[in-house]
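My notes are set out as numbered points.

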Amino acid sequence: MSSIGRVLAVVPARAGSKGIPGKNLRQVGGRSLVARAVDAALATPSIDTVVVSTDGPDIADEARAAGARVLHRPADLAGDTASSESALLHVLDVLEQIHEEVPEVLVFLQATSPFTDPADLEAAVHRVLSGAADVVFAAVPSHAFLWRVDGDGQARAVNHDASVRPRRQDRAPEFRETGAFYVLRVDGFRQHRHRFFGRTELTAIDAATAVDVDDETDLTVAQALAATLVPAPNGAP
């Protein structure tokens, strides 16, 4: 492998998936989910290196064909209970052993978000590279009235006073984490071993394409949405 560069993108992609068997190789808009994640990273100018971490030979072949490097993920980091952080830290450790260097910024991309916009990634990377933030993650604004059911089955208001019904325009938005991407300063991530630390910011992405593929219904929605989208001129999702 050649030098890593300042900005490394990692796509964790396990072979095992209970919700959708072989999920990371399922197609949306004629491209597999893992290939679409690689496409988005390669179309982001500030990203120097793209690595897919996987325990699956077929995913590895697909990732290489899409233009990514591949690192094998050990079995103890590929089970249902293994965290994404463990896979990311493993990649950083292995690359440091190979290159005797680490990147400044880590871009954690999830293949289950098939419509990641490289422009959103680029803006987030610039915030972290510039030192303005330690972490930037993707989110969508929400004005939803949230409720929780308590132990006796009664509905309880969570983020509002149930006796007050302000208009949408009179409520400051809250934000829902989409899971599409997280941009992290590497030294802070390795210290805290968690994706949230230091100055944390969010970048609001397009809610219309904030699809997270977790089951067959999500996949059907993503496939239908892909059919309506005009491909970007840079070839990104």
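1. The model is a predicted one, and the count of aromatic pairs in it comes to 4. One of these pairs is formed by F108 and Y182, which are stacked, with 5.3 Å from centre to centre and 20 degrees between the planes. Because F108 belongs to strand β6 (residues 105-109) and Y182 to strand β10 (residues 174-185), this pair ties together parts that are 74 residues apart in sequence.

2. On accessibility, F108 is buried, with a relative accessible area of 1%, and Y182 is likewise buried, at 2%. Y182 also pairs with F196: the ring centres are 5.9 Å apart and the planes stand at 75 degrees, over the 60 degrees required, so this pair is classed as edge-to-face.

3. Since Y182 lies in strand β10 whereas F196 lies in the loop between α5 (186-192) and β11 (200-204), the pair ties together parts that are 14 residues apart in sequence. F196 has a relative accessibility of 32% and therefore counts as partly exposed, a class that runs between 20% and 50%.

4. Taken as a group, F108, Y182 and F196 belong with F137 to one aromatic cluster.

Technical notes. Residues are numbered from 1 along each chain as its sequence is written. This is a predicted model: local features need pLDDT of at least 70, side-chain atom pairs count only at pLDDT 80 or more; totals for chains, interfaces and linings use all residues. Side-chain values use heavy atoms; hydrogens and water are left out. Rings of Phe, Tyr and Trp (its six-membered ring) pair if their centres lie within 6.5 Å; planes under 30 degrees apart count as stacked, over 60 as edge-to-face and the rest as tilted. Helices (H or I, at least four residues) and strands (E, at least two) are DSSP runs, numbered from the N terminus. Buried means under 20% relative accessible area, exposed over 50%, partly exposed in between (1.4 Å probe, protein chains only).
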